[in-house]
Amino acid sequence: MGIELQGLGKTFQTSDLTVEALRDISVNVSDSEFVSIIGPSGCGKSTLLRLVSGLIPPTQGGVSIDGVPVHGPAGNIGFVFQAPTLLKWRTVFKNVMFPYEVLASQKRTVMSRQEYENRAELLLEMVGIEDFRDAYPKQLSGGMQQRVSICRALLHDPTLLLMDEPFGALDEFTRERMNEELMRIWRETQKTVLFVTHHIPEAVFLSDRILVLSARPGRILGEIVVDLPRPRTAEMRDSVAFLEQVVITRRMIGKADGGGNSKESP
């Protein structure tokens, strides 16, 4: 699924405050490409994902997916948020099945319930938590909860996966394991992925390209092509080539920040 952003901008207006979150974002993302978005706090990274998803409208410019303009939430997009946001009264399996219920209520399902249930079982097996299908969120670790969240986002087989700092709350060890798990899922499903993170080594490990946004209003300061072979391995993190990519990205982030400490944008 290809994405095209043309002159994209977003300004939030309240009765006493105007905040320009993004300005003149123009970029293309190719089918099955993994692109990370990184930049200083407050530069509009999360806002950019919400614009691509159609959850909020742009103030300027537009978003097209496979040549079709985005004017609202689309069914071919999966969204993984910073927190798992699982329903605590539902089991793991029922949390994963929740998108089916939403689609069924809107008469937008493309498969039978049994086919969705079969897919949910396969997804849980793919991320290694099939034995916890009847557990509740409070019985899971943070990393396991985020795996459930990823399964839920993939249930309806979206061609575009948007991920907004999904591993930000995890400890470093769990985060690295989740990065490896996400790489495996991406290889097996070949989704197009837009991934927001503040974590530079994570962006380098996962991405084909890294887009660096400036301080607010966020603009594309530059892009970095991650010239590392795939599949990426845990051992690669200690290689000279990997560390060089981290340094290049960190230097560009330093230019983007400009020494400022902006507050997070809406």
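Me: How many aromatic pairs does a search of the whole structure find?
Reply: In this predicted model, the search finds 5 aromatic pairs.

Me: Why is the pair of phenylalanine 34 and phenylalanine 195 called tilted?
Reply: Good one to start with! A pair of aromatic rings is described by the distance of the centres and the angle of the planes. Here the centres are 5.8 Å apart and the planes stand at 45°.

Me: What makes the pair of phenylalanine 79 and phenylalanine 81 stacked?
Reply: Look at the planes: they are at 5°, with the ring centres 4.3 Å apart. Stacked needs an angle under 30 degrees, so this pair is stacked.

Me: Why does phenylalanine 79 count as buried?
Reply: Its relative accessibility is 15%, and buried means under 20%. Phenylalanine 81 has 35%, between that limit and the 50% above which a residue is exposed, so phenylalanine 81 is partly exposed.

Me: How do you know that the charged end of arginine 237 sits over the ring of phenylalanine 205?
Reply: The charged end of arginine 237 is 4.1 Å from the ring centre, and the distance limit is 6 Å, along with a direction within 35 degrees of the ring normal. Likewise, lysine 10 lies over the face of phenylalanine 12, at 5.3 Å from the ring centre.

Conventions:
Residues are numbered from 1 along each chain as its sequence is written. This is a predicted model: local features need pLDDT of at least 70, side-chain atom pairs count only at pLDDT 80 or more; totals for chains, interfaces and linings use all residues. Side-chain values use heavy atoms; hydrogens and water are left out. Rings of Phe, Tyr and Trp (its six-membered ring) pair if their centres lie within 6.5 Å; planes under 30 degrees apart count as stacked, over 60 as edge-to-face and the rest as tilted. Buried means under 20% relative accessible area, exposed over 50%, partly exposed in between (1.4 Å probe, protein chains only).
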